[in-house]
Amino acid sequence: MPVSRRGATAVRALALAAMAVELVLAVGAWIYYGRLGAVGAPGAWLVELNWPWIAPLGIRLHLAMDGLSLLMVLLTAFLGLSSVVVSWREITQRVGHFHLHLMLVLAGVVGVFLAVDLFAFYFFWELMLIPMYFLIDLWGHEDRHRAAVKFFLFTQFGGLAMLLGILALYFAHASQTGQYSFDLADLARTNLAPAAAMLMMLGFFLGFAVKLPAFGLHPWLPAAHTQAPTAGSVILAGLLLKTGAYGLLRFAVPLFPEAARQFAPVAMALGVAGILYGAVLAFAQSDLKRLVAYTSISHLGFVLLGVYSFNVLALQGAVMQMLCHGLSTGALFIIAGLLQDRLGTREMGRMGGLWAVAPKMGAAAMVFAMASLGLPGLGNFIGEFLVLLGAFKVNVALTAVATAGLVAATIYSLWLIQRVFFGPSAEPPAMEDLRPHESLVLLAMVAVLLWLGLFPQAVLETSRAAMEYVAGTQVTATAEIPQLSTPGARIKGATPKFMEWTPTLSESTGEILQLRMLGVRIEGATPKFMESIPTKSESTGEILQLGVPRARIEGATPKFMESTPTKSESTEEIPQLSALKAGIEGAPRESRELTPRSEEGSRFRLQLTSGTRLMSFDGCLPVPLSAPWRGRFDHVSRPEFPDVPVARTAGVRPVCGLARPEFPDVPVVCELARPEFPDVMALAVPKGGRR
Amino acid sequence: MTLEQIRALLPLIILVGAAVAIMLGLAVRRNHAFTVAVAVGSLAAAILSLALGPTVATPITPLLRLDGFSVFFSGLILAASLFVAVLSHGYWNRRRTVISEEFYILLLLAAAGSVTLTMAVHFASFFLGLEILSGSLYAMIAYERDRQAAVEAGIKYLVLAGGSSAVLLFGMALVYARTGTLDMAAAAAKLAGALDVLTLAGVAMILVGIGFKLALAPFHLWAADVYEGAPAPTAAYAATVSKGAIFALLVRLAAAMDIQSNPPFQATLAAAAVITMFAGNLLALRQSNLKRLLAYSSIAHMGYLLVAFLAAGTLGRTAVGFYLAAYIITTLGVFAVMIVLSGTERDADRLEDYIGLSRAHPLLAAVFAGMLLSLAGLPLTAGFVGKFYLLAAGVGAHLWVLVAALVISSTISLFYYLRFIAAAYAQPAAPPALPAAVAMPRLARLAIAVLVILLLWLGVYPAAVIRAIQEAVAIGR
Amino acid sequence: MPGLLADGVELWPLALYFVAVVVLAGGILGLSYVLGERHRERATGMPYESGMIPTGSARVRMPVEFYLVALFFVIFDLEAVFIFGWAISARQLGWAGYVEVVIFIAVLVSALVYLWRQGALDWGTARRAGADRDRSGRRHGDE
């Protein structure tokens, strides 16, 4: 459809306005929440929207924003705006159509960054594909069809693998709890056999690694980046690749902490392989866009390395790297696009000496090339440095190898500048320098990169809580964690891994552990245990009745309790107790696991912090939580006893206690619970979730 | 027969009555528009009578049974028939060389046969419905008698469908020989899960017969030739209504006889599903004729459906119901585009016909692309939720091999759907092979608009539909 | 074979019957192959026209009405079977049966009316073609 010039301009202006509004909103949100001092992490979202969507399948339109998503949305808005501007002159065919697809991709990307319902996430994930395919296929360069199909097939296959992971997790969760849900928070509580967790994690990883792209899954990338129109390349490199990294941070790692931990060496090796491979192949390119495309593989290798280093430092570095790579590579693609527009070629052999005619462009390119090679003062340096610093703690050898990537980056970046802007020129270049709107975009990008490089703290603060969450879910080896449990737990076994939390209750001998919140009923055990729910006391000589009913364990001497969804396979020696799982030695297998199939609204998740680690407990703890967690506390009492406050229902003489002298670094804070029970204290997490 | 039963039977009565009425009308005076109006009106009335019909499960003689399940699938079938009837109007108007009115009689009869299939709880009514459907289809396929391809397709379908009916009958006879009853539930009760060689053979032959009609591999060879030869509305009909009705019957039969939990059948059907998915998708890769492509893709889609079918249970059945609805809407959408583009001489079924479609008909091109994307299972479309549901059912039943086959083969399928979409949006090098179609009839436009709305509705907010299907498919034994 | 069916249905007669059919058919074909006369002469492959030497092509156009009428006869004749079936037990079936058979006959009659008006019962081609053209203004597909 031939669109009139005026119509085309109107379309462009509309798209521009939309992206500007998006950017203003995102920046506004950042400033607003920044001033409030809210940090934002999973479980304590800055803002969330939770609407029913496809109720029969337990699908909700659940969007939520924490520091990480906020930053990603900011990046999206910024790059989206830039792509509209740089397409202003480049796209002349089917302008309306082009912007339709552009906006659709961006909508999909924003959706991906915000969705915390896995169906919604998959929905947006797939939504990004089609318009991107069209952007490449219809407005791309000479070999666009093959590039588009390649892009589509790779990502679609990865997406379907991820879908299988999602569905497997969904059903695993449903079979344990009887509750069908795609919600991240629900699914994160699923107890998985290690093998199953590993398979599902691989499904997720495959989906994200294709997008990232990790080494080995990258063949679509050079073609797609090279053939796409400028805006397409900017969005591909700047945003679509980030969705892969984001997916790892948001889903693949937190959902399967143990499996991710096991897989970490492989992933890190892939990351390092990507760093080197991308860098080496970048040397070999004579096509400008292709060169930049290969540098993307290299830079995203750092992100992969950082994500799987599992410490806050490296994770923060990965986030920084994601932002800065989006900007610097996006900018390089813009410059490549401008050059192609003016010279009609992307061959660096046919460029050279352009500095003379286009000094502004040359200067901009110089800055971004410097950013790409990791010059201190620009954001990329911070990202790569933090990643390497964090990774160094985990794996010295791989880190050392990865550092070689930085050297390579220096070489190819300088080489790029040399060949394009200096160097001898084959023909006398006659070329227009940057136009005002182009300068504006590039200048803005330079400014942001500089700001990120000089004052990274603002960004790092924003993403910190989210990254700590990611790092904190990496608790695996129980041996090194002081086990803090819900009250009434007594852990047998030597070592100072013992904590007991119920001064009043514990009458336990060395043999019997008390179960509390759990609702465990133990038959045929010696009654060495005090049961303290006045209303429900049924403790005969033989039956112990504890806390919230739900589970029963028959015919066993309760020797220890196993706890928590995520950890403790080493139950033989270090018994742990928490709300979720109780294990009793000698009991038949099927009675060993207690699934908290409690009624809707009577379960929640408690997160306790020790050091920088977060540990999660699920169950029916009667704990009104304090400040940062307030939003998550969605139940008051149990349905059976509507008028009994929870703390009492559970029959717990309040749990109190400051951190034990033996474990000064395990913070547990008490609060007064309810006015009616002045002596009932509740367990709470200290403000800020950290020590 | 009580009044309640007559009320339950009303859709069938309306359809058959309308067929006779059209026939008598033609004896008096030929008028295409009037005929279409009667056909469409009667289909709408049949849908209405379903909606207003008995709300409790009503057995109508031992042969038929109107329950939530048959209401849902009959509704689907009748609505699809209605769309085909509406679209046929413009199509036959352009084909001035052919008498068009009888087509609607056949269409109504085929719809009656299909509705019978969805209500059948007895082998006799099963066979009766199937034969009414197939008998009408033979004629609908060979409707353009002076086109050799059409006649060839008709004969091909006649011979193969006849053969498969014979196999089916033999299977029924074997089951009857063992159980002494033709009632599905009673036969299943007599067999009580334990199948000996004779009944095993019987049920297997019934499944072969059904497999033929659904064009499951390895019985899929006829599909492409028949679709290609048939006029576009007939092809649309065969791809949607006839397959939907037979699949509905298969689901009911399986629920009665518990076929999925029988290891030999499970294994065989699983193998058939895998072969069907791959055969359909791989064969579709090389097609540059849209009808042949849709034939192969419909084969593949039947393979996908088998995954949910094998998953069984309420989840599996809901998935089948939803996917069938999505598939029918989508396939009708693609055919609708083809039908409105078809000229006076031939159908717009070649790849060349679609090159540059976005220039000549931007909206139509968008619809076309949307429908193909739905077939490929991409978001915002019904196909996305449908495929999601299928995979969910498969994963829920731990059918990992099948699910993996579905994933891989549907990735393959993207190739050929994208090819046509890319063609539609490509810049034409030469002037289009077909002259720009005559102005689209308003009715066809309306039909396409409704299909698009349905496509998006099912793709974006399908909660209500899913709930309705969940209720509908909760058939007991 | 007897083990095939558990509950007493004897299968061997069926098997014997099957074998007999195969033997008989095979025997007839085989015997005629062995015993049959074989010769190869000029007129061997020629159509047999009662001793006449055929002239002209066998592909003569001829009206298919005969075939059509035969088909109609078979159809309507078959329908008669149903009506006989009803007639035999008309009393037991009562008014419901009566209504049903009336509907049945009405449908048959409408089909007949339709065929008649389409000109299917007219012998010869001239009128039918004309009639069609008059009625619909369109040409019949096969003419």
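A residue is buried if 20 or more other C-beta atoms, placed from the backbone, lie within 10 Å of its own. Keep that in mind as you look around this predicted model, where local features need pLDDT of at least 70, side-chain atom pairs count only at pLDDT 80 or more, and totals for chains, interfaces and linings use all residues. Residues are numbered from 1 along each chain as its sequence is written, and chains are lettered from A in the order in which they are written.

**Helix H4 of chain B**
- Of the 18 residues of H4(B), 17 are buried, so the rest of the structure largely encloses this helix.
- H4(B) covers residues 102–119 and reaches 26 Å from its first C-alpha to its last, close to the 26 Å expected at 1.5 Å a residue (1.5 Å times one less than the number of residues).

**Chain A**
- Chain A has 19 helices and 9 strands (DSSP runs: H or I of at least four residues for helices, E of at least two for strands).
- Of its 691 residues, 60% count as buried.
- The mean pLDDT of chain A is 72 (the predictor's confidence in each residue, from 0 to 100).
- Over residues 474–691 of chain A, the pLDDT is below 50.
- Where pLDDT is low, the predicted coordinates should not be read in detail.

**Where the chains meet**
- In chain B, 23 residues are in contact with 25 residues of chain A (C-beta atoms, placed from the backbone, within 7 Å).
- H18(B) gives the largest share of chain B's side, 8 residues.

Definitions and conventions:
A residue is buried if 20 or more other C-beta atoms lie within 10 Å of its own, exposed if 12 or fewer, and partly exposed in between; C-beta atoms are placed from the backbone. Two residues are in contact if their C-beta atoms, placed from the backbone, lie within 7 Å.
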